[in-house]
Each structure stands twice: as structure tokens, then as C-alpha cells.
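Okay, everyone, thanks for coming.

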Amino acid sequence: MTVNNAMTADFLRSAYGGESAAHMRYLIWADVAEAEKMPNIGRLFRAIAYAEYAHADNHFRVLKDQVGDYTVASGAVFGVGKTVDNLQGAINGELHEVEQMYPVYLETARYQNEKGAEKAFHYALEAEKIHAKMFQDAQNMAKQGKDMDIGTIYVCPICGHTVADHLPDQCPICGAKKDLYKDFPA
Ligand SMILES: [Fe+2]
Ligand SMILES: [Fe+2]
């Protein structure tokens, strides 16, 4: 897998930067949620941080032959507030990826016939849709001063698909077998 077109390569580097920042930000916000005695929301942040790691890993590996130093421009949410506010930041970041960033990156990769990038962007786009919904569910509880009520959270290490409580036999996004999923038990 490699990249032939500069624009797709730029988008991969930008997406790598954005996913890397999201990974770290969610770990920080997990610490905040745990300090606020919301361990399940903390666990959701940790599980989704792992999914963002999988996305960064995919983008990075598609770029494996583009060796060199680059300055990377990436959108990222900043700020540390209460968990209810951090969840709004998480929702905003995921929706930006779902509604603007990944659809454009994916169309560009398709147009430029960049198969590796197309797959990496497709995986991320589909996983982020689920993340936006899960963070919204978490915020609905946090607004009432409550923790989420969820069991084990599972993350597909190939595409970042994230699901709570019931693991499918196969990943609905990438087709990976269920035993590959990483679990985040309660
Ligand atoms: Fe996400
Ligand atoms: Fe998957």
C-alpha cells in the first residue's frame, strides 16, 4: 500500500494528526470523568481513544513509503472542562469528521484511485458515526448527573468499530472476526 498523489497524502497526514490528538484528548477526558465518579463514561473515552489509535495507525501505515519530516495541519478540539462539556467537545469533533472531513477525504481518495487511503478513510468515517452517537448517549446521562449504564465495550482493532454489551460475530464495517476485538470490561 502506498500513495501516489500529493493531495491524498496530505489528507492522510492531516487525518493522522487529528486522530492522534483525539486519542490523547480522550485519555485526558477519561481521567476527568473518572475523577468525577463516572467510571463508565471514563471507560467509553478510553475505548474510543483506542479506536482513534487504530485510525491513526491505518493512516500512518498507508503513508509508510512517504518517508520524511512534515509539518502537519489538523483540526483538533481543545479545552478541559467538566465531563458534560468535554462530551460536547467530543461530539463536535466526531461530527466534524463525519459531516465534513472524512467524506471529502474519502471522495478525494476515490477520485485519485488511492485504494489504501480509501479503505482507511472509509473505516474511520463509519466508526466515527458510531462514536458521535455513543458520546451523545453519554452526555444525555451526564446532563442528569449520572454515569452511563453500559457493560463491556468492544473495539475492532482493524477499523475502530465500537460496540457495547453485545459483540457481533463479524465486524459490520471491516468483516474482522469477533475474537479480534479488544474489550474494555466494566
Ligand atoms: Fe471517533
Ligand atoms: Fe472492523
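I'll start with a contact: in helix α2, Ile41, Leu44, Ile48, Ala51, His55, Asn58, His59 and Val62 meet Gly116, Ala117, Ala120, Tyr123, Ala124, Ala127, His131, Met134, Ala138 and Ala142 in α4. Contact here means C-beta atoms, placed from the backbone, within 7 Å. Sort those residues and you get 13 nonpolar, 5 polar and no charged; Ala, Val, Leu, Ile, Met, Phe, Trp, Tyr, Cys and Pro count as nonpolar, Asp, Glu, Lys and Arg as charged, and the others, Gly among them, as polar.

Quick housekeeping. This is a predicted model, so to speak of a local feature we need pLDDT of at least 70, and side-chain atom pairs count only at pLDDT 80 or more, while totals for chains, interfaces and linings use all residues. Residues are numbered from 1 along each chain as its sequence is written, with chains lettered from A and ligands numbered from 1 in the order in which they are written. Helices (H or I, at least four residues) and strands (E, at least two) are DSSP runs, numbered from the N terminus.

Back to the pair. α2 (residues 39–62) and α4 (residues 115–142) pack at about 170°, axes 10 Å apart; axes are lines fitted to C-alpha atoms, for helices over the stretch in contact, and angles run from 0 to 180 degrees between N-to-C directions. So α2 is roughly antiparallel to α4, a label for angles over 145 degrees.

How do α1 and α3 pack? Helix α1 (residues 6–35) and helix α3 (residues 83–111) sit at an angle of about 165°, with axes 11 Å apart. That again makes α1 roughly antiparallel to α3. On the α1 side the contact includes Phe11 and Trp29, and on the α3 side Tyr105 is one of the residues. This contact has 10 nonpolar, 5 polar and no charged residues.

Now the strands. There are 3, in an open antiparallel sheet ordered β2-β1-β3; two strands pair if DSSP finds at least two bridges between them. β2 (162–164) and β3 (182–184) are the edges, each with a single partner strand, so one side of each lacks a neighbour in the sheet. β1 (residues 153–155) pairs with β2 over 3 bridges, and Val155 has Thr162 as its bridge partner in β2. Finally, α2 lies across β1, β2 and β3, at about 5° to β1.

How values were computed: Parallel < 35°, antiparallel > 145°, perpendicular 65-115°, else oblique. Contact = placed C-beta atoms within 7 Å.
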